[in-house]
Amino acid sequence: MEENKRRILDYLEEAVRPVEIFEAAGALNMEADEALSALEALRKEGRVALTKKKKYALPKQIGLLSGRVMATAKGALFVRVAAGEKDVFLDCGKQLAMDGDLVLLRLTETGERPRGSLEEILQRAHETLTGILSIKPQEQARKGKKKAAGRGKKKKDRPETLYRASAVPIDRHLALDIDVEGELMGAANGDLVTLKVTRWPSVHRRMAASIQAVLGPSEQPSVRMRALVGEHQLPDSFSEAALRQAAALPGQVMEQELEGRRDLRGLTLFTIDGADAQDFDDAVSLQKQDGDWVLGVHIADVSHYVTDLCAIDRDALERGTSVYLPGLTLPMLPEALCNNLCSLRPDVDRLAISCMMRMNGSQVMDYEIVPSVIHSRARLVYDDVNRMLAGQDNTVPEALHGILKDMAALSEEIRRARTARGSLDFDLDEAQISLNEQGEPVGVSARERGVAHKMIEDFMIAANETVARHARNCELPFLYRVHGAPDGEKLEALSVFLNGLNLSARFGNPPHPNQLQRVLNMVEGRSEAPVVSRVMLRALKRAEYSPEPKGHFGLAAKDYCHFTSPIRRYPDLVVHRMLKLQLSGGMERKAHELWEGRMPELARQCSDTEQRATQAEREADDLMCAYYMSGHIGECFEGVVSGVTAWGAYVALENTVEGLVHVKDMDDYYEFNEAQYCLIGERTRKVIRLGDRVRVRVDRVDLRAAQIGFLLEEEE
């Protein structure tokens, strides 16, 4: 099927005009039903369109675009049509598209704010969804009259009590009400339920759905976590075929598997991860050689066990990435692989792919990429290594103290050089959420990011750049990690924001990342630094995967890829396969063409699954923070104004929790000054600016929307 699809796409590209099914089949020497199956599959993917005359063409050939719908919290719809292109505002007409749907549209306006009309909904993203059930009694008079039993008199009609059930999706991007049809399956008012769509919404009728499963009371955090998994359609179980394949794997590295591998078991190497990490896919080593450092980044060789298109591989591609929710991990690979055979645990042999970089200062002078067998000496923890490097009490083996200090010094050189070339360093706080045995949040704090965290980050970035440069020089079919420069409109808005903070910033066209890093340097150590970082981050484009080496703006890198986490990211697994094919001499012309043809779809799939996981993780953190703060209503906290809008000021607390002080709850009528990003009181002339330190009281928490409401406390 994939080969037929590729051939048809090439044919349509050359045909330039719409073609009939039999014309395409004849030209490609295919059976008509084979061609039809491939064409219909491509049509459902938005890569081929069907004209009114029942002919097939590429969407662009008939003035159409395809893309995924993105809904804002207020219900506006945009379509992401292609990497690097502006999102298109969508006019739906009679059909109602929803967040995540794959659609065809026709551009009606171009320019800075393109607009399009909906032509066809190709794929619905929400065949099932999760909602909070609402059951309301409904009085309805009986039709006709019945005789009272045993009497000849007529009884007055008594109203019959019926119930009307509806549901509200917990997904904030689905702003609609749903009529619930059929049995309630024992669900109570306020329960979270899984719903299957029975009628899609239109301008004339509401969506309808039937209950498939009752998850439980919506106020329980663990119930909401399970609902979130279903809402984002995150696979939470492996296929029987994948589990059988994983169970059949050996529990340890076998002697016959070492053939053709570099034996690096004599190297002093180890892993450094968080205390709660369960899978370890990267280890590091450092040794002196002829006056230079040789930095080794050793990555678990998942591709040795998970071959292309096997059962485990199909499940892994569907996931695209592991997903980490508070109290719940959805791994990309079965446990036998991610927590055992592929995990670089200490004191056992493991298969790896090693990137050995000879460093002169911060520069990679030479490198080798080799399949290897390694033997980790220790499983170190970030916090413990940080304490050791700071001269505090720690449990790091003394034999590793010297090499860790050398690593910290090398890391500092690498980071200094990367910053000098313009790499952006957003030092933003990340929430660390502590749960009790019932899965309820009992603590939220800012996760510390010390020297050890930065050291591993620096080494992984160096390896990713080296591998990507190798792939480009060898012209391999590949998945690159790309990040485009921000567009002019967003940079203009950023300039206005910075001017409001009395920060002068000039950006070129196109901009260079060091122009943005200069701004970050200007605010370093100031209260508004986190706010500036957040606003700048929002102005940047989203990083994604691409078969083309388009560069990475945020890292100021010409070549970049993801090579270092194949246990939890599918693109890294693809990168490993390409490297091993090339290193073994298997990247012949036919294999090259086959993989080159597959890369665009793999890039799209991996970008989409990454975005799905990121959205779910962000919503899960917001939800748990809301649950945590619901237990602190009435309490006061110190915070910083992190956002200013016409409807109020957002305040970020020291524990990373963010809430809104609505203008209606302020002590005056406040007007939003867009030019200076501040609120100005009409009577008091008090000014609320980004970066201001304030004291707030928790006033309310909306658990459905995961939103927190604050009140400003008057200063004494």
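A: Happy to! A cavity, on a 1 Å grid over the protein atoms alone, is a set of points where a 1.4 Å probe fits but cannot get out, and its lining residues have an atom within 4 Å of a point. The model is predicted: local features need pLDDT of at least 70 and side-chain atom pairs pLDDT 80 or more, whereas totals for chains, interfaces and linings use all residues. Numbering starts from 1 along each chain as its sequence is written, and side-chain values use heavy atoms, without hydrogens and water.

Q: Which residues line the largest cavity?
A: The lining is made of Ile170, Arg172, Arg224, Leu228, Glu619, Leu623, Arg704, Ala705 and Ala706. Helices α4 (221–231) and α15 (589–630) each give at least two of its residues; helices here are DSSP runs of H or I with at least four residues, strands are E runs of at least two, and both are numbered from the N terminus. The space inside is about 90 Å³, a volume being what is filled by probe spheres set on grid points joined across faces, edges and corners.

Q: How many cavities reach 30 Å³ or more?
A: There are 2. The second largest cavity holds about 40 Å³, and its lining includes Leu234, Pro235, Arg319 and Arg612. Its residues divide into 5 nonpolar, 1 polar and 2 charged.

Q: What makes a space a pocket rather than a cavity?
A: A pocket is an open set, with protein on both sides within 12 Å along at least five of seven lines. The second largest pocket has about 340 Å³ of space. Among its 17 lining residues, Ser362, Gln363, Val364, Arg421 and Glu465 lie nearest its centre. The largest share of this lining, 5 residues, is given by α10.

Q: Why is lysine 5 called buried?
A: Buried means under 20% relative accessible area (exposed is over 50%, partly exposed in between; 1.4 Å probe, protein chains only). Lysine 5 has 6% relative accessibility, so this residue counts as buried. Lysine 5 sits in helix α1 (residues 2–15) and, beyond neighbours within four places in sequence, touches Ala38, Ala41, Leu42, Glu45 and Arg47; contact means heavy atoms within 4.5 Å.

Q: Which residues of helix α12 are buried?
A: Helix α12 (residues 513–523) has Pro513, Gln515, Leu516, Gln517, Val519, Leu520 and Val523 buried. These buried residues of α12 pack against α9, α11 (488–500) and α13 (529–539).

Q: How do you know that β14 and β15 pair, and in which sense?
A: Two strands pair if DSSP finds at least two bridges between them. Strands β14 (residues 269–273) and β15 (residues 282–289) have 2 bridges and run antiparallel; phenylalanine 270 has valine 284 in β15 as its bridge partner.

Q: Why do β13 and β21 stand at the edges?
A: In the open sheet of 7 strands the order is β13-β20-β19-β16-β15-β14-β21, with mixed pairing. Strands β13 (262–263) and β21 (379–381) each have a single partner strand, so one side of each lacks a neighbour in the sheet.

Key:
Ala, Val, Leu, Ile, Met, Phe, Trp, Tyr, Cys and Pro count as nonpolar, Asp, Glu, Lys and Arg as charged, and the others, Gly among them, as polar.
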